[in-house]
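Visitor: I would like to learn how to read a protein structure, one feature after another. Could you take me through some examples?

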Amino acid sequence: MKVPFLDLQTPHRELWPEIREEFEKAFYAAAFVGGPHVTAFEEEFAHFCGVSACASVNSGTDAIRLALIAMGIGPGDEVIVPAHTFIATSEAVSQTGAHPVFVDIDPITYTIDPKAVASAITPRTKAIIPVHLYGQCADMDAILDLAKHHNLVVLEDACQAHGATYKGRLAGSMGHAAAFSFYPGKNLGACGEAGAVTSNDLAIIQKVKMLRDHGQSQKYYHDMEGYNARMDALQAIVLRAKLKRLAEWNKARQRCAQRYSERLAVSPKIVVPKVAPHNTHVFHLYVILVENREDLQTYLSDCGVGTGLHYPLPLHLQKAYAHMGHKEGDLPITERVARTLLSLPMFPTLTDEQIDYVCDRILEWVEKNS
Ligand SMILES: Cc1ncc(COP(=O)(O)O)c(C=O)c1O
């Protein structure tokens with residue numbers, strides 16, 4: 001049996017008849033940038049996230065960057081981010097001229113540790129970016145309390161958490177603003193690059209809409225310098241069709257995760273993901289912790305099972321951040337998780353047979369190595 005790490009083709013075959021007509025219309029009208037599908041998607045996605053407004057952009061990275069700029073973050077500011085995330089989170093901070101400050105994560109949810117955030121706050125701190133990693137929300141109440149106390153802004157990095165909830169509140173609705181990625185492999189993925197900023201603060205959304213479009217308030221009248229960071233119409237067509245299925249797809253991911261966890265939790269060698277009691281996890285990724293994970297990864301690969309490492313080298317130890325002077329041991333939980341994690345196949349059309357095959361191979365490997 002072959003189990004790919006990700007299968008985007010199956011849902012695309014199902015979607016094609018629905019999006020084909022709109023694709024054709026947009027193609028022949030040569031209406032590619034902005035337009036009615038983009039506007040409609042912004043309204044529908046804002047509604048999905050339970051916020052008043054959404055500004056579509058061309059990637060999750062630009063969603064973070066433009067949201068930070070719109071909230072006044074810039075040169076000299078410090079922005080606290082978890083060291084265990086994709087580099088886009090911290091890259092976008094640096095691109096505003098601000099400095100990312102890396103902190104450790106919670107050992108249960110692998111999201112930013114509020115205690116570590118509290119210790120990292122300085123007079124230069126202006127913002128916190130909790131990342132809802134793998135599909136599970138960070139401890140937002142603790143973060144929001146700290147932010148209120150220190151007068152900081154909170155930008156949720158919800159790039160992996162479309163539809164996740166924290167104490168009944170949706171990812172993307174809790175901070176001053178939130179950034180989403182619609183990179184193809186995300187729970188809600190485009191057919192190329194796309195992203196969005198959501199917020200209940202209309203001034204932030206308005207500013208992001210200007211920034212994404214060269215700072216224009218009206219055509220060729222530029223209130224400021226901006227960027228070319230707009231979403232194109234073809235992405236909006238795909239995203240509108242997929243958004244209708246997102247809740248159902250997230251449920252399917254949760255069913256897959258439950259089956260994995262039931263099968264794998266029998267082994268003391270495997271740490272299965274834990275969901276904080278106040279969270280609903282949407283399992284963008286299903287990540288186990290296991291010693292000697294490279295060996296397991298090779299074993300699974302030989303058995304036809306695709307896996308991933310998210311992320312093998314923590315950000316504070318990356319060459320790109322060598323100038324910060326971090327060393328191994330600085331952020332022990334991040335480092336332990338990065339050294340032992342392994343992402344198993346996860347997508348809504350994963351079958352019980354495929355999950356059982358993956359679990360059988362993992363348990364077989366554990367047996368052979370004990
Ligand atoms: C946590 C996180 N933040 C930011 C990004 C950046 O999104 P994009 O790839 O759309 O720029 C990603 C996506 O890869 C992500 O997983």
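This is a predicted model: local features need pLDDT of at least 70, side-chain atom pairs count only at pLDDT 80 or more; totals for chains, interfaces and linings use all residues.

Visitor: Let us begin with helices, then: by what are two packed helices described?

Guide: Two packed helices are described by the angle between their axes and by the distance between those axes. In this model, the axes of helix α3 (residues 60-70) and helix α4 (residues 88-95) come within 8 Å and cross at roughly 40 degrees. That makes α3 oblique to α4, since angles under 35 degrees are the ones that count as roughly parallel. The crossing of this pair, α3 and α4, is right-handed.

Visitor: Which residues of α3 and α4 meet?

Guide: From α3 come T61, I64, R65 and L68, and they meet A88, T89, E91, A92, V93 and Q95 of α4. Sorted by class, the residues of the contact of α3 with α4 are 5 nonpolar, 3 polar and 2 charged.

Visitor: At what angle do the axes of α2 and α8 cross?

Guide: Helix α2 (residues 36-49) and α8 have axes that cross at roughly 30 degrees and come within 8 Å. That makes α2 roughly parallel to α8, and the crossing of these two helices is left-handed. On the α2 side the contact is made by H37, V38, A40, F41, E44, F45 and F48, and on the α8 side by A233, A236, I237, L239, R240, L243 and L246. The contact of α2 with α8 has 11 nonpolar residues, 1 polar residue and 2 charged residues.

Visitor: And what is the handedness of the crossing where α8 passes α11?

Guide: There, α8 passes α11 in a right-handed crossing. The axes of α8 (residues 233-264) and α11 (residues 352-368) come within 10 Å and cross at roughly 30 degrees, and α8 and α11 are therefore roughly parallel to each other. In this contact C256, R259, Y260, R263 and L264 of α8 meet a set of α11 residues that includes D352, I355, D356 and L363. By class, the contact of α8 with α11 has 8 nonpolar, no polar and 5 charged residues.

Visitor: Now for burial: is S181 buried or exposed?

Guide: The cut-off to keep in mind is that buried means under 20% relative accessible area. S181, which lies in strand β8 (residues 177-181), has a relative accessible area of 9% and is therefore buried. A polar atom of the S181 side chain lies 3.1 Å from the backbone nitrogen of Y183. If neighbours within four places in sequence are left aside, S181 is in contact with G60, C159, H162, K186, L188, A194 and G195.

Visitor: Which residues of helix α7 are buried?

Guide: In α7 (residues 202-211) they are I204, I205, V208, M210 and L211. These buried residues of α7 pack against β1 (53-57), α3, β8, β9 (195-199) and β10 (216-218). At the start of α7, a side-chain oxygen of D201 comes to within 3.0 Å of the backbone nitrogen of A203.

Visitor: Which residues are buried in α10?

Guide: In α10, the buried residues are T334, E335, V337, A338 and T340, and what covers them includes β3, β13 (286-289), α9 and β14 (341-344). For E335 the relative accessibility is 10%. E335 and L317 stand 18 residues apart in sequence, while their C-alpha atoms are 9.1 Å apart in space. Leaving aside neighbours within four places in sequence, the contacts of E335 include L317 as well as P314, H316 and K327.

Visitor: Which peptide bond is cis?

Guide: The bond from H310 to Y311 is cis, with omega near 10 degrees. Y311 is found in the loop between α9 (293-302) and α10 (332-340).

Technical notes:
Residues are numbered from 1 along each chain as its sequence is written. Side-chain values use heavy atoms; hydrogens and water are left out. Axes are lines fitted to C-alpha atoms, for helices over the stretch in contact, and angles run from 0 to 180 degrees between N-to-C directions. Helices (H or I, at least four residues) and strands (E, at least two) are DSSP runs, numbered from the N terminus. Angles under 35 degrees count as roughly parallel, over 145 as roughly antiparallel, 65 to 115 as roughly perpendicular and the rest as oblique. A crossing is left-handed if the near helix is turned anticlockwise from the far one by less than a right angle, and right-handed if clockwise. Contact means heavy atoms within 4.5 Å. Ala, Val, Leu, Ile, Met, Phe, Trp, Tyr, Cys and Pro count as nonpolar, Asp, Glu, Lys and Arg as charged, and the others, Gly among them, as polar. Buried means under 20% relative accessible area, exposed over 50%, partly exposed in between (1.4 Å probe, protein chains only). A polar contact is a pair of N or O atoms within 3.5 Å; within protein, one must be able to donate a hydrogen and the other to accept it, and residues adjacent in sequence count only if both atoms are side-chain atoms.
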